Structures are given as C-alpha cells and as structure tokens.
Amino acid sequence: MTGDGQNTFRHLSEILEIAKDQSSKKLVVAAAEDLHVLQAVLYAQTENIINPILIGNSDKILELCRKNELEPVDIPLIDEKDPVKSCELAIDMIRQGEASILMKGLVSTAPLLKAVLDKDKGLRKNKLLSHAALFEVPSYHKLIAVTDAGMNVQPSLGEKAGIIENAVELFHRIGIKEPKVGILGPIETVNPRIQSTVDARDLKAMNQSGRIEGCLVDGPLAMDNAVSREAALLKGISSQVAGDVDILLVPDLNCGNILYKTLVFLANSISAAVVMGASAPIVLTSRADSGKSKLMSIALAAVLG
Ligand code: COD
C-alpha cells in the first residue's frame with residue numbers, strides 16, 4: 001500500500017508482515033482435530049500473530065501433534081468431541097471476550113455458520129455476514145478479492161450491497177481508501193433477462209448516489225474487462241475500474257466458488273479468506289485450501305480482529 005491509500009499490495013506475505021507487527025490476537029479453533037489447521041495455527045503462534053485456544057477431540061488433536069512433531073506449548077485445549085457443540089463453545093468464548101477470532105476446523109461450513117447466525121447465542125450484529133477471499137494471482141498486478149464465494153447462496157440486490165460493504169471494509173482495514181469494485185456478469189451491457197447485469201446497473205447507481213460508500217463501483221463487467229485494461233479498451237469501455245479491480249462481486253455462490261477454485265487450481269493462486277460482518281472475523285478455509293492459504297487467512301483475520 002502506498003501513502004495515498006492505493007492498492008499496491010502484490011503478495012499476501014505483505015499482509016502476514018502487518019499481522020506480525022501487531023500485538024497477537026486470541027484465536028479459538030472449533031473442531032481443531034485437523035492437521036493442516038493445527039500446522040497453520042501453531043506456525044502463526046510462533047510468529048506471534050495469534051495466541052490459540054483449541055476446542056475439539058483432544059485425543060485426536062494430541063495424536064495428530066505427536067505424529068507430526070507439532071508441540072502445542074502454552075495452548076489451552078478443551079475436550080469436546082461433538083463438532084457442533086465445539087462450534088457453540090468457541091462462539092461462546094468470543095461472546096465472553098475470551099477470544100477475538102473464530103476459526104473453522106474439521107466441521108462443515110453450514111453448521112458453523114448456522115451457529116454463528118443464531119439470534120441469541122451467535123455472533124450477529126445487525127449486518128449481513130459474507131465471505132471475502134483475498135487472492136495473490138501471479139498474472140494480476142495486485143491483490144484482488146472475490147466475494148461472496150462461501151456464504152450467501154443467491155444474494156438479492158440489497159444483500160449484494162451488503163456483500164460489497166463488507167469487502168470494502170476489509171480493504172479500508174488494510175489501508176486502501178477507495179477500492180475499485182467490479183460487478184461481474186457475462187457481458188458488459190445490461191440485459192433485462194440476465195439478473196446479474198440488472199443488479200450491476202443498480203449497484204453502480206447506489207454507489208453514485210452515495211448509498212454504497214468508500215469505493216468506486218462499476219458494472220456490469222465481464223471477467224476479461226474487469227481484470228484486463230487491454231480487453232476493456234478493445235471493447236471501448238472507458239472506466240476507472242475496468243482492468244484494475246480490487247474487488248470482484250460475483251453473481252452468486254455457484255460462480256464465486258467456481259472462480260475461487262479456478263484461481264487456486266488452474267491459476268496457481270493463494271488465498272486468504274474470512275467471513276466479515278459478524279462481531280469477530282471468522283477464518284473459514286476449506287479442506288482444499290493449502291496450509292499456506294490457511295496461514296494467510298489467519299494473518300488477515302488478525303489484521304481485521
Ligand atoms: N447474514 C446475516 N444473517 C443471515 C445470513 C447472512 N448472510 N444468512 C441468513 N441469515 C439470517 C436470516 O435472516 C435468518 O434470520 C437466520 O439467519 C436463518 O436464515 P436461513 O434459514 O436462511 O439460514 P440457514 O441457517 O438455513 O442457512 C444459512 C447458511 C449460511 C448456512 C446458508 O446460507 C448456507 O448453507 N450457505 C452456504 C454455505 C456453504 O455451504 N458454503 C460452502 C460453499 S464453499
């Protein structure tokens with residue numbers, strides 16, 4: 001990031017460095033009996049990014065540590081063999097102020113999010129919750145976010161505005177003042193039969209009228225025009241956002257998840273992913289994510305937490 005608040009982050013390791021420079025945050029893992037999660041958490045602890053608390057099947061956690069030469073030193077370990085109860089306990093610790101970051105271990109995404117969304121015992125704060133993933137893509141000139149690839153299945157226009165606000169908050173928190181948001185669709189013109197293009201037009205209007213603040217929104221943009229200035233120029237698109245986006249808003253979870261996995265598995269990218277909008281950042285990586293990606297997600301949550 002430059003002094004003028006532009007996004008010049010090129011590598012997720014720059015986020016890791018910011019996290020290392022801060023005081024360490026308390027992170028609680030729900031269902032911690034997962035080797036890659038344990039490796040990332042213990043590494044982040046040695047780098048003073050977090051102080052972890054592990055909840056889960058303690059026999060399995062200790063066995064995984066023994067077999068893989070991991071030493072859980074100075075880490076509270078709470079035995080809870082039921083993954084759903086483990087989520088509830090972890091959430092309660094956040095509510096009691098005993099930790100400020102929640103991390104998913106060996107439990108499916110939906111039950112964890114359901115527990116987070118519980119009206120009485122969850123982590124809601126009158127805001128939409130949404131997933132945002134920050135990517136280091138070798139062929140792109142800066143870090144770029146994809147949202148929502150993990151939580152909101154078929155977002156309405158209002159929910160898309162909430163998803164943008166959460167991703168913009170993430171960028172503000174890492175020092176980028178006015179991120180550029182590209183609303184993705186299959187074409188760059190509005191077609192009433194293609195809902196993503198209609199929503200894109202409306203979201204751009206909401207940004208222009210000040211209902212969505214702190215960012216520059218443009219759309220609809222097809223993927224090529226969003227990330228390639230040349231492609232945008234060829235199409236005659238004149239936009240500050242086209243070819244230089246910081247945040248890609250996808251039409252729905254299907255598109256988001258396919259884009260996420262494509263970036264990781266076909267484009268050699270690394271991600272750092274969190275759920276925003278709750279009373280604490282939530283590290284919600286999938287089994288398919290690498291250990292490095294899990295570590296980067298912890299670092300990003302530590303910067304946000
Ligand atoms: N933000 C805030 N409140 C929400 C949100 C949200 N994103 N989603 C639902 N709520 C509220 C509703 O207003 C309601 O009050 C309550 O939560 C329950 O709403 P439901 O019944 O629509 O929600 P659930 O509990 O059935 O489902 C919520 C999930 C997040 C579990 C669901 O949307 C889901 O399964 N999403 C996909 C998760 C997933 O599988 N991801 C992995 C793909 S990578």
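Tutor: Begin with a polar contact, a pair of N or O atoms within 3.5 Å. Here a polar backbone atom of methionine 151 sits 2.9 Å from a nitrogen atom of the ligand. The protein covers 59% of the 870 Å² of accessible area that the ligand has on its own (Shrake-Rupley method, 1.4 Å probe).

Tutor: This is a predicted model, where local features need pLDDT of at least 70, side-chain atom pairs count only at pLDDT 80 or more, and totals for chains, interfaces and linings use all residues. Residues are numbered from 1 along each chain as its sequence is written, and side-chain values use heavy atoms, with hydrogens and water left out.

Student: Which polar side-chain atom lies 3.1 Å from an oxygen atom of the ligand?

Tutor: One of lysine 114. Glycine 150 instead uses a polar backbone atom, 2.9 Å from a nitrogen atom of the ligand.

Student: How many residues surround the ligand?

Tutor: A residue counts if one of its heavy atoms lies within 4 Å. The ligand has 16 such residues, and Leu129, Gly150, Met151, Asn152 and Asn257 are the closest.

Student: What does each domain give to the shell around the ligand?

Tutor: Domain bounds come from an automatic or database domain assignment. Domain 1 (1–125 + 278–305) and domain 2 (128–277) each supply at least three residues of the shell.

Student: How many residues of the two domains are in contact?

Tutor: Contact means heavy atoms within 4.5 Å. By that rule, 37 residues of domain 1 touch 31 residues of domain 2. The domain centres, taken over C-alpha atoms, are 26 Å apart.

Terms used
Polar contact = N/O pair within 3.5 Å; in protein donor to acceptor, adjacent residues only side chain to side chain. Areas by Shrake-Rupley, 256 points an atom, 1.4 Å probe, with all protein chains shown as cover.
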